[in-house]
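Hi,

Here is the model I said I would pass on. Have it open while you read, and my notes follow below.

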Amino acid sequence: MATQAEARALRLSELPFETSVNAGPKYVGGFFTAIREIASHRELLDLLIRRELKSRYKDSSLGFLWSLIKPLVQLLIYYVFIGQVLGAAKGVADFAIFVFAGLTLWGLYSETIATGTASIVSNGGLIKKVYLPREIFPLAATGSAIFNFLVQMVVLLAAIVLLGQFPISLNLLYVPAAFVIVLIWGVAFAVLLSALNVYLRDIQYLVEVVMLLLFWASPIVYSWGFVVAAVKNHTWLLEVYLLNPISLSILAFQRGLWQAGSQTRVLEGREVPPQDWPAYMDLRLAAAAVVGLIVLFIAQRIFSRLQGNFAQEI
Amino acid sequence: MPSQSDPRVLAKAPTVVRATDVSKRFVIRKEKSLKERIVNFGRSQKHKDDFWALRNVSFEIKAGTTIGLVGANGSGKSTLLKVLGGIIQPNDGTVERRGRLAALLELGAGFHPDLTGRENVYLNSSILGLSRKQTDEYFQSIVDFSEIEEFIDTQVKFYSSGMYVRLAFAIAVHVDPDILLVDEVLAVGDEPFQAKCMSKIRQFQAEGRTIILVSHSAGQIEDLCDRVVVLSHGNVVFDGDAAGGLLALRESFEH
Ligand SMILES: Nc1ncnc2c1ncn2[C@@H]1O[C@H](COP(=O)(O)OP(=O)(O)OP(=O)(O)O)[C@@H](O)[C@H]1O
Ligand SMILES: [Mg+2]
């Protein structure tokens, strides 16, 4: 009996002291400390992602099929109303593939940000009771967004294969690049906004509205060709348009998966030229990734400043 | 008293928690939404109250001690436990600690209401640092201890508060903690369960674990604690043996 106590005392006397997390955030190295801390909680992150997915569809009988139904209905709406009724599909071959590609990547971004922003507040129960690296909550939201993205990706790829449009070219490399960039920016905003949302609850509603607007700032239901035609001679407007890393990523994503965009097709007797993809796409993507990483770094620093008071503010 | 730790062992035990000059200030802002912020803009600086929930609290806790934290309502006990557990950060001072820590803070452990008891057991033990495999091993004895086998696959939002605490306590004592923080949670358990918890706590004492206990029950404190710290308005007003502590507590009510 006493020996067990003694053994414990001996083990404890050899452990180093951990200081309260307070000291960390002020240093640049805190970013890497945070990453290491999160990495050591991988198993928990995995559990939280499952929990996120599970609790979302917990009481519904169709369960996770809902994560497919929503984008498919969206596709239907955009295909029928914007594409056919309003005529956006006229100059765009394989309009369904085009729209669904854009919707899929956009879904990843908007879901990461929307659920990520709410994640700290909605996990208040845990945050008030236990210490964890709190970045784990926006990351878990991101994880579940990735899951939904992958499900849609499977549908998209299946459709592309069925339609015999599988693009075998180096352009395919644009797909992972676009995914990574969207992820970097999505996580950066999710981390930042989730922390701000604790102090100002309006953020989570504001985000929804802003995302609604941003949807139209990216070439999802209208094509890049449409943008080029619309700005006419003011080519500097195109540069401004491309400053949005998400628009750029969506273009890259479409370039990788939407074969018809890079070919000359004949639509209703008219010849449709390939999209005039933006110049220096690789360079732009690299820049978007680097800037995104810097923004992510800053977001995490702000998060770690604010997180000290999460438990008492929620 | 037999339940208390052997003083000879305690004397050479290593320190597991060290609080140095810990102060915690709360700023109470009433407005949380954008509208309120804008309406009160400018005035809001003047309109926020702040007060110190903890002021220059310092102490050391040696491994194997059972320490009772007492004080009037609002004296800062729960705040101190949260600071010790790293859940909130102090404005001033530092907390150092070592060893695995499990905390039962106020009502409700970190459970997710939409998940079942089973899923919450896995979630919580993972938070406390157990791997999935380790939890598999402990799972049955957690369920047995909590005696809620029937409800283990029910979502915890349908649990009664006693069932909640049973499960939370069962998890906390099965993750092999070196330090256990307990904040008044035992009060909602029924008598047999409270007795079970008490004997578990005694077993923990014998195993050399450190327990920090917040309680309003003088009997419990007297029974279990080697040492009592009395808080009053965020200040430590007494730090010593149980009998003296309870006396100081009664005195502190008068202020
Ligand atoms: N998140 C918070 N924001 C603002 N003030 C807080 C917060 N949490 C606690 N306080 C204040 O800090 C003081 C100490 O609270 P605490 O919960 O530590 O008291 P306690 O000693 O645990 O009391 P009780 O015996 O009622 O549990 C109280 O006046 C309380 O109002
Ligand atoms: Mg309390």
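**The ligand site**

Ligand 1 sits between chains A and B. Keep in mind throughout that this is a predicted model. Around ligand 1 there are 14 residues, and the closest are B:Asn73, B:Gly74, B:Lys77, B:Ser78 and B:Thr79.

From chain A, a backbone N or O atom of A:Gln312 lies 3.0 Å from a nitrogen atom of ligand 1. From chain B, B:Ser75 has a polar backbone atom 3.2 Å from an oxygen atom of the ligand. B:Thr79 uses its side chain instead: one of its polar atoms is 2.5 Å from an oxygen atom of ligand 1.

**Salt bridges**

How many salt bridges are there over all chains? The count comes to 17. Here are some of them.

Let me begin with B:Asp176 and A:Arg8, which form a salt bridge with their closest N and O atoms 3.8 Å apart. This pair crosses between chains: B:Asp176 is in the loop between helix H7 (161–174) and strand E6 (179–183) of chain B, while A:Arg8 is in helix H1 (residues 2–14) of chain A. B:Asp176 counts as partly exposed because its relative accessibility is 33%. A:Arg8, at 6% relative accessibility, counts as buried. Both residues also belong to a network of salt bridges that links A:Arg8, A:Arg11, B:Asp176, B:Asp178, B:Glu207 and B:Arg209.

Next, within chain A, A:Glu239 forms a salt bridge with A:Arg284, and here the closest N and O atoms are 3.0 Å apart. A:Glu239 lies in helix H11 (residues 235–243) and A:Arg284 in helix H13 (residues 281–306), so the pair ties together parts of chain A that are 45 residues apart in sequence. With a relative accessible area of 42%, A:Glu239 is partly exposed.

Then there is a pair within chain B: the side chains of B:Glu147 and B:Arg166 meet in a salt bridge at 3.4 Å, N to O. B:Glu147 is in the loop between helix H6 (132–146) and H7 of chain B, and B:Arg166 is in helix H7 itself, so the bridge ties together parts 19 residues apart in sequence.

**A lysine without a partner**

Take a look at B:Lys200 too, which is found in helix H8 (residues 191–206) of chain B. B:Lys200 is buried yet has no salt bridge. Which side chain of opposite charge is nearest to B:Lys200? That would be B:Glu207, 6.3 Å away. Leaving aside residues up to four places away in sequence, B:Lys200 touches B:Phe145, B:Phe169 and B:Val173.

**Chain A as a whole**

Chain A has 14 helices and 3 strands. Its C-alpha trace spans about 90 × 45 × 40 Å along the principal axes, and 50% of its 314 residues count as buried. Of the contacts in chain A with a separation of 6 or more, 79% are accounted for by residues 24 or more positions apart.

A:Ala89 is 178 residues away along the chain, with 10.0 Å between its C-alpha atom and that of A:Leu267.

**Helix H4 of chain A**

One last stop is helix H4 (residues 66–85) of chain A. Its 20 residues, at 1.5 Å each, should span 28 Å, and the end C-alpha atoms are 27 Å apart, which agrees. Which residues of H4(A) are buried? They are A:Ser67, A:Leu68, A:Pro71, A:Leu75, A:Tyr78, A:Ile82 and A:Gly83. These buried residues pack against three helices of chain A: H5 (95–122), H7 (136–162) and H9 (202–215). After H4(A) comes A:Gly87, whose phi is positive, near 85°.

Cheers

Key: Residues are numbered from 1 along each chain as its sequence is written. Chains are lettered from A and ligands numbered from 1 in the order in which they are written. This is a predicted model: local features need pLDDT of at least 70, side-chain atom pairs count only at pLDDT 80 or more; totals for chains, interfaces and linings use all residues. Side-chain values use heavy atoms; hydrogens and water are left out. Helices (H or I, at least four residues) and strands (E, at least two) are DSSP runs, numbered from the N terminus. Buried means under 20% relative accessible area, exposed over 50%, partly exposed in between (1.4 Å probe, protein chains only). Lys and Arg count as positive and Asp and Glu as negative; His and the chain ends are not counted. A salt bridge is a side-chain nitrogen of Lys or Arg within 4 Å of a carboxyl oxygen of Asp or Glu. Contact means heavy atoms within 4.5 Å. The expected span of a helix is 1.5 Å times one less than its number of residues. A residue is near a molecule or strand if one of its heavy atoms lies within 4 Å of it. A polar contact is a pair of N or O atoms within 3.5 Å; within protein, one must be able to donate a hydrogen and the other to accept it, and residues adjacent in sequence count only if both atoms are side-chain atoms.
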